[in-house]
Amino acid sequence: MGLFLVMALKMAVEEINNSSTLLPGLQLGYDLFDTCSEPVVTMKPSLMFLAKAGSRSIAAYCNYTQYQPRVLAVIGPHSSELALITGKFFGFFLMPQVSYGASMDRLSNRETFPSFFRTVTSNRVQLEAMVTLLQHFGWNWVAALGSDDEYGREGLSTFSSLAHARNICVAHESLVLLSRTNSVRLGKVQDVLHQVNQSQVHVVVLFASARAVYSLFQYSIRHSLTPKVWVGCDAWLTSDLVMTLPDIQRVGTVLGFLQRGALLPEFFHYMETQLAVAADPAFCASLDAEQDVEEDVVGPRCPRCDQIMLQNLSTGLVHNLSAGELHHQIFATYAAVYSVAQALHHTLHCSTSSCPTQEPVKPWQLLDKMYNMSFHIRGLELRFSDSGNVDMEYDLKMWVWQSPMPKLRTVGTYNGSLQLQPTLMHWHAPNNQVPVSQCSQECREGQVRRVKGFHSCCYDCVDCKAGSYRQNPDDLTCTLCDQDQWSPERSMRCFPRRPRFLEWGDPAVLLLLLLLALVLGLVLAALGLFIRHRDSPLVQASGGPLACFGLACLGLVCLSVLLFPGWPGPASCLAQQPVAHLPLTGCLSTLFLQAAETFVESELPPTWVAWVRGHLRAPWAWLLVLLLILMEAALCGWSLAAFPSKVEMDWRVLPREVLVHCHMHSWVGLGLVHITNATLAFLCFLGTFLVQSQPGHYNRARALTFTMLAYFVTWVSFVPLFTNMQVLYQPAVQMGAILLCALGILAIFHLPKCYLLLWWPELNTPEFFLGQGPNDTTDGGGSGGRDRTQGDHE
């Protein structure tokens with residue numbers, strides 16, 4: 001490979017010397033030395049480069065601005081390890097150095113390497129492309145191997161940090177020792193591969209030199225280890241040493257990024273021509289005639305140079321060269337020469353026809369022009385960045401198995417973002433399926449990861465509970481929904497809560513409205529019947545106008561339930577209890593008057609009966625009713641002032657909706673509005689429970705007793721039902737209690753009288769209801785023959 005790079009350098013120098021525009025009137029010269037990939041060998045020519053022009057020694061000066069070394073710039077070396085050594089050395093003398101292959105990121109440090117440039121991108125860019133590739137295919141459980149040298153160690157370190165930032169777990173990371181005959185080193189290579197297999201990874205990032213990869217693949221093929229996806233670097237991806245391994249296709253799938261460069265189609269022909277010239281005996285004789293003064297320092301020339309022919313080169317190298325697979329390396333060398341020539345063009349102030357400045361150029365002057373310099377080569381514009389790097393795109397290459405060696409197929413590009421051509425990719429997995437390399441399967445929607453052990457890629461999937469969701473695929477905890485949102489189990493998003501209240505169309509409300517229509521219809525029918533027969537003994541015995549007032553209040557009680565369904569508002573919440581209980585007080589106060597009159601007639605001496613009865617009838621009766629209603633109004637006002645009901649939005653009761661309801665501040669407030677009515681009902685019950693009615697008369701005491709029992713049963717049952725009912729349906733419980741209370745009063749006390757008015761009109765007599773004879777205008781007396789009839793209809 002080194003011979004190809006030398007030829008690329010030689011071709012570039014000849015093109016520049018033959019050009020009439022870049023350096024007109026000037027000729028570039030060069031010295032070529034083989035580093036043998038050894039630091040000591042590399043330092044010998046490096047010292048020779050810095051020797052003072054015309055001598056073999058480096059002079060010591062306090063100021064080197066006027067120092068003129070033998071060369072103006074250095075091209076190379078190819079190895080990053082060697083560039084780390086020479087870069088510091090040349091940097092001290094501000095000697096421009098342009099490498100065509102050293103890609104370690106450490107070389108971008110301008111403080112340490114002030115004069116270092118390169119026509120390849122930094123390893124960090126290549127590693128970022130690799131990590132992007134892994135992320136694209138979802139390979140988050142990988143192994144990372146590197147050669148045991150500066151190149152591999154830095155590559156592994158950079159890859160680990162980049163992978164960790166992208167949530168890619170490195171299951172196993174180790175260095176591969178360079179191949180030797182030493183059994184200990186071979187044993188360590190075996191250990192590395194066995195550890196990779198045991199980690200159950202199917203993708204391996206291999207950032208190593210070609211020799212390290214050769215030993216690794218050689219052992220893998222020999223022992224038939226599981227095929228894997230190998231993501232390689234440009235250091236070995238086109239190496240004929242690796243590609244020509246027997247049965248290399250058994251390693252699996254090989255992918256890697258190569259820097260894109262301009263094609264040099266004439267290079268293969270140029271190579272053939274130069275090798276043919278080298279095979280000419282006359283040419284070799286001319287070389288032997290020359291004598292280098294540096295041979296005693298750097299060693300003699302390479303022997304047998306006259307026997308180098310195209311057939312003597314590696315088959316893999318020739319195949320790759322003819323297929324254009326090595327153009328990225330050849331172009332990088334070619335571009336390095338042109339970058340120096342372009343800097344020299346600027347330093348000498350050359351035009352397309354001449355270079356007016358003829359004074360000798362110092363290396364530091366050339367270096368000054370190279371900082372942030374742009375230059376064009378074969379249609380490509382390259383520019384040195386502040387750190388001496390060039391920004392170039394990468395091609396994603398995949399090995400396609402062909403005989404005698406793999407062919408590199410371009411399947412994608414990377415220029416900060418990855419673009420793939422999936423139809424061109426061929427995988428080693430059955431049915432050409434993309435291999436999977438994950439410690440744990442991807443969680444389903446609505447599941448988050450619960451990490452197991454030390455690696456974030458090994459986890460159990462846990463369902464997100466209702467009220468939470470998974471925001472990102474890599475989340476470790478579920479995100480709670482906002483208060484005004486909800487989500488089902490295993491959700492990927494939250495949904496807005498809709499308001500929920502006791503709607504008019506709710507089945508429970510519809511049934512209660514039917515009950516309301518029934519009760520209200522019966523109340524209105526009874527009220528109409530009482531008004532029609534207002535002068536009859538039955539109506540007079542029931543209180544006359546007070547009875548009609550009581551029925552009207554009972555109708556208002558029924559209508560009060562219309563405040564409970566529908567959207568709750570501040571006004572409706574405050575009005576619900578007063579509107580329901582004030583008319584109920586009016587109704588019960590009329591019943592209380594009748595209970596008091598019944599008690600007086602039964603329990604007091606006859607001399608007191610007429611006096612007390614006179615005070616229990618109009619106008620005193622109306623005054624008492626008014627006072628009781630005012631008392632209830634005062635208690636309602638107290639309840640509203642001290643314990644007001646407010647519209648509340650409850651986010652906790654319902655899982656998917658927000659409950660909008662009238663919140664009862666305290667049971668004390670509800671108790672206050674019930675005090676008056678409960679007291680009246682209790683007094684009515686006590687006044688009529690033990691009263692013995694006169695035979696042959698209407699038993700008003702029994703009707704009042706059972707009416708009050710119905711009242712207490714209704715409201716005592718209301719308390720546990722209301723407490724244990726869902727908050728949404730608590731208004732319905734109140735509606736039901738109010739309607740049942742009204743129905744109980746109507747059905748037990750008023751409807752029997754309506755029955756008598758309609759179907760037993762013969763009982764509607766003063767004797768039966770008022771206890772008066774035909775000619776008796778005072779209270780008392782029997783009812784004659786009607787007594788037995790009443791006994792049949794009580």
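Two residues are in contact when heavy atoms lie within 4.5 Å. That rule is used throughout this walk through a predicted model, in which local features need pLDDT of at least 70, side-chain atom pairs count only at pLDDT 80 or more, and totals for chains, interfaces and linings use all residues. Residues are numbered from 1 along each chain as its sequence is written, and side-chain values use heavy atoms, with hydrogens and water left out.

Start with the whole protein. Its secondary structure comes to 25 helices and 22 strands. Helices (H or I, at least four residues) and strands (E, at least two) are DSSP runs, numbered from the N terminus. Of the 794 residues, 49% count as buried. Buried means under 20% relative accessible area, exposed means over 50%, and partly exposed lies in between, with a 1.4 Å probe and protein chains only. Among contacts with a separation of 6 or more, 67% come from residues 24 or more positions apart.

Where does Leu-263 sit? Its place is the loop between β8 (252–259) and α9 (267–278). Leu-263 is exposed, at 57% relative accessible area. Leaving aside neighbours within four places in sequence, Leu-263 is in contact with His-327 and Arg-378. Arg-378 is 115 residues away along the chain, yet the two C-alpha atoms are separated by 8.0 Å.

Now the sheets. Strands of a sheet pair through backbone hydrogen bonds, either parallel or antiparallel. Here two strands count as paired if DSSP finds at least two bridges between them.

Ala-143 has Val-204 of β6 as its bridge partner.

β22 (residues 657–663) runs antiparallel to β21, with 5 bridges joining them. The two form a hairpin with 6 residues between them. Lys-646 is bridged to His-663, and Glu-648 to His-661. On the other pairing, β20 and β22 run parallel through 3 bridges. There Pro-499 stands opposite Val-658. β22 is mostly covered, as 5 of its 7 residues are buried.

The 13 residues of α7 (residues 210–222) should span 18 Å at 1.5 Å a residue, and the end C-alpha atoms are 18 Å apart, which agrees. The expected span is 1.5 Å times one less than the number of residues. Buried residues in α7 include Ala-210, Val-213, Leu-216, Phe-217 and Tyr-219. Just after α7, Ser-224 takes a positive phi of about 50 degrees.

Finish with the rings. Rings of Phe, Tyr and Trp (its six-membered ring) pair if their centres lie within 6.5 Å; planes under 30 degrees apart count as stacked, over 60 as edge-to-face and the rest as tilted. By this rule the count comes to 30 aromatic pairs. Tyr-61 and Tyr-64 are edge-to-face, at 5.7 Å centre to centre and 85 degrees between the planes. Tyr-61 is partly exposed at 39%, and Tyr-64 is partly exposed at 24%. Phe-92 and Phe-93 are also edge-to-face, with 5.1 Å between centres and 85 degrees between planes. Phe-92 is exposed at 62%, whereas Phe-93 is buried at 19%.
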